[in-house]
Amino acid sequence: MLRLQKFLAQCGVASRRGAESLIQEGRVTVNGETVRQMGVQIDENNDRIAVDGVLVEPEKKMVYVLLNKPVGYVTTVSDDKGRNTVMDLVAEIPVRIYPVGRLDYDTEGLLLMTNDGDLTYRITHPKNNIEKTYVAEVTGNISMNTLLQLRNGVYLDGVKTSPAKVEVIGATRYGTKLEITIHEGKNRQVRRMFESVGCIVKRLKRTREAGLTLGHVPLGHWRKLTEAEVNMLKKIGTNKKSSAQVSRERFGRANQKKRK
Ligand code: URA
């Protein structure tokens, strides 16, 4: 139960004071009855509140979360094979949120989750070219020629992948550790790109997406995005440049200069 003027303010109709004026002016109805007195309690889930005859809907609370997904979880809401789903890891969040795109069962790392369907659409739409960075541990050594092949694009199902940023960042017991940045989202793309050059991916972790980094969120845990991070994401698909885009462009230009 909630005071009528508080409900109207929460819904963004007017300030609390402004809502009181609307009530006094007889412009507010509760279940079809005009209410003029202050302090009337309403049931926000069942009562129908209207201002000037227009139904008022509560503003949906948007939740934006960055999860560090462990291996062994599917990025679906339910699984017909009974496997763990990422929904189990965010069960304590009172609002139902959904994964933004996919990460394989055997991939770990950064997974965004939200109930903002519009933002999900914009982050996952191929036209927005959202960059995703992975650390891949693969079998074997990587020659310069293989690196160039991966960077220029390899053929998956007869279609060439877009240019990727690929750097060797270390060695492992069984092979090579690389960082790879792509902006496409083909099924198992990174694994298949390495397969196409004769390497098996032993471990795959997403460390960055859409300008956000995994940081120190422990495996299996999540944190809410900051307001600044959400605002940055909301620029995707608009003409406004996000700070990540601006810094990528500057960084890209600096690199080009270095190469000259
Ligand atoms: N590429 C893959 O191969 N797997 C993922 O989970 C993400 C990208």
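These legends walk you through close-up views of the ligand and its surroundings in a predicted model.

**View 1. Meet the neighbours of the ligand.** Leu103, Asp104, Thr107, Tyr134, Arg188, Gln189, Val190, Arg191 and Leu204 surround the ligand, each with a heavy atom within 4 Å of it. Sorted by class, this shell holds four nonpolar, two polar and three charged residues; Tyr and Leu count as nonpolar, for example, and Asp and Arg as charged. Helix H5 (residues 189-196) gives the largest share, three residues; helices here are DSSP runs (H or I) of at least four residues, numbered from the N terminus.

View 2. Look here for pairs of N or O atoms within 3.5 Å. The side chain of aspartate 104 has an N or O atom 2.7 Å from a ligand nitrogen. For threonine 107, a side-chain N or O atom is 2.9 Å from a ligand oxygen. Arginine 188 uses a backbone N or O atom, 3.3 Å from an oxygen of the ligand. The protein buries 95% of the 240 Å² that the ligand exposes when taken alone (Shrake-Rupley method, 1.4 Å probe).

**View 3. Where the domains come in.** The automatic or database assignment gives domain 1 (2-55), domain 2 (64-126 + 213-234) and domain 3 (131-209). Domain 2 and domain 3 each supply at least three residues to the ligand shell.

**Notes.** Residues are numbered from 1 along each chain as its sequence is written, and side-chain values use heavy atoms, leaving out hydrogens and water. Local features need pLDDT of at least 70 and side-chain atom pairs count only at pLDDT 80 or more, while totals for chains, interfaces and linings use all residues.

Conventions: A polar contact is a pair of N or O atoms within 3.5 Å; within protein, one must be able to donate a hydrogen and the other to accept it, and residues adjacent in sequence count only if both atoms are side-chain atoms. Helices (H or I, at least four residues) and strands (E, at least two) are DSSP runs, numbered from the N terminus.
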